[in-house]
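Hi,

Here is the structure I promised to pass on. Have a look at it first, and then read on for what turned up in it.

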Amino acid sequence: QVQLVESGGGLVQAGDSLRLSCAASGPTFSSYAMGWFCQAPGQEREFVAAISRSGSTTSYADSVKGRFTISRDNGKNTVYLQMNSLKFEDTAAYYCAARTAAGSYYYRAFGTENEYTYWGQGTQVTVSS
């Protein structure tokens, strides 16, 4: 079982940047495909970005394409979400998620909430307009 801890959230102005980090426990981080999701007050949790176990495949929600970048460092057991040109509507709690990805799933990035097994507690991002 993997434990995930997010960090890097905060209060910023529109147009600013933030980098979220998600640190995973355990020696098998490279076995997991990773994702980021967000949830605004009164809204359902929604997909933001995902990266395959291999690191070679990424996927993004249309709303963040060209602004956000997901990456992973297996040596540090960490996945990142670089968030540029932040908008007021990016305000939400951001959650890191993980799932195992064996065999043919090595190169797959997973984009739906129910495909993930493990979740962090979230980090709040607030963008003032």
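Let's start at a hairpin: β4 and β5 have six residues between them, and in this hairpin G42 takes a positive phi near 75 degrees. Strands here are DSSP runs of E with at least two residues, numbered from the N terminus, and two of them pair if DSSP finds at least two bridges between them.

Before going further, some ground rules. This is a predicted model, in which local features need pLDDT of at least 70 and side-chain atom pairs count only at pLDDT 80 or more, while totals for chains, interfaces and linings use all residues. Residues are numbered from 1 along each chain as its sequence is written, and side-chain values use heavy atoms, leaving out hydrogens and water.

Back to β4 (residues 32–39). Five bridges join it to β5 (residues 46–51), and the two run antiparallel; C38 stands opposite E46 there. β4 also pairs with β9 (residues 92–100), again in the antiparallel sense, over eight bridges, with A98 in β9 as the bridge partner of M34. Seven of the eight residues of β4 are buried, so this strand is largely enclosed by the rest of the structure. Buried means under 20% relative accessible area, exposed means over 50%, and partly exposed is in between (1.4 Å probe, protein chains only).

β9 also holds R99. What is the nearest side chain of opposite charge to R99? That is E115, 5.1 Å away, and R99 is buried without a salt bridge (a side-chain nitrogen of Lys or Arg within 4 Å of a carboxyl oxygen of Asp or Glu; Lys and Arg count as positive and Asp and Glu as negative, with His and the chain ends not counted). The R99 side chain does reach the backbone oxygen of E115, at 3.1 Å. Beyond residues up to four places away in sequence, R99 touches several others, including Y32, F110 and Y116; contact means heavy atoms within 4.5 Å.

Another residue to look at is S59, in strand β6 (residues 58–60). S59 is partly exposed, with a relative accessible area of 27%. Leaving out residues up to four places away in sequence, S59 touches F47, V48, A49, A50 and A109. S59 and R108 are 49 residues apart in sequence but 9.3 Å apart in space, C-alpha to C-alpha.

As for the whole protein chain, there are zero helices and 11 strands. Of its 129 residues, 43% count as buried, and the C-alpha trace spans about 45 × 25 × 25 Å along its principal axes.

Cheers

How values were computed
Helix = DSSP H or I, 4+ residues; strand = E, 2+ residues; numbered from the N terminus. Polar contact = N/O pair within 3.5 Å; in protein donor to acceptor, adjacent residues only side chain to side chain.
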